[in-house]
Amino acid sequence: MKSILIKDTTREEREQIIRESLGDDYDVGCGYESTGIDYQLYIDGEKELRELNEEARCGFVVAYPEENKANSCLG
């Protein structure tokens with residue numbers, strides 16, 4: 001599998017990665033905002049996908065936080 005790091009991809013490749021990851025319901029530049037993650041930051045080379053996903057995970061409310069304390073941003 002080819003690296004998806006910003007340093008190893010072009011802008012066009014990053015756009016394609018996002019398109020393929022989110023499926024046909026989303027288009028680069030619009031529509032994917034409903035995911036709660038600003039993938040444009042990855043496309044523009046400002047943040048890695050890993051960083052965006054970690055930030056988003058920390059923003060979600062966990063239904064049963066006592067079950068996931070070790071893996072949670074909630075503590």
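Me: What makes Glu12 and Glu20 count as exposed, and which face of α1 carries them?

Reply: Glu12 and Glu20 sit on the face of α1 turned away from its buried side. Exposed is the word for over 50% relative accessible area, and both residues get that label. Keep in mind that this is a predicted model.

Me: Which residues of α1 are buried, then?

Reply: Those are Arg14, Glu15, Ile17, Ile18 and Leu22.

Me: Why is threonine 9 called buried?

Reply: The cut-off for buried is under 20% relative accessible area. Threonine 9 has 9%, so it is buried. Threonine 9 is placed in the segment before α1 (11–22), and it touches Lys2, Ser3, Ile4, Arg14, Ile17 and Tyr42, leaving aside residues up to four places away in sequence.

Me: What makes the pair of leucine 5 and threonine 9 a polar contact?

Reply: The limit is 3.5 Å. A polar atom of the threonine 9 side chain lies 3.1 Å from the backbone oxygen of leucine 5, so the pair is within the limit.

Me: How do you know how far α1 reaches, and what was expected?

Reply: From first C-alpha to last, the 12 residues of α1 reach 17 Å, close to the 16 Å expected at 1.5 Å a residue. Glycine 23 follows α1, with a positive phi near 90°.

Me: Which elements give two or more residues to the largest nonpolar core?

Reply: This core has 11 residues, among them Ile17, Ile18 and Leu22. The elements giving two or more are α1, α2 (40–43) and α3 (49–59).

Methods
Residues numbered from 1 in each chain as written. Predicted model: local features only at pLDDT ≥ 70, side-chain atom pairs only at ≥ 80, totals over all residues. Heavy atoms only, no water. Helix = DSSP H or I, 4+ residues; strand = E, 2+ residues; numbered from the N terminus. Buried < 20%, exposed > 50% of the residue type's maximum accessible area, 1.4 Å probe, protein only. Polar contact = N/O pair within 3.5 Å; in protein donor to acceptor, adjacent residues only side chain to side chain. Contact = heavy atoms within 4.5 Å. Expected span 1.5 Å × (residues − 1). Core = buried A, V, L, I, M, F, W, Y, C linked by side-chain atoms within 4.5 Å.
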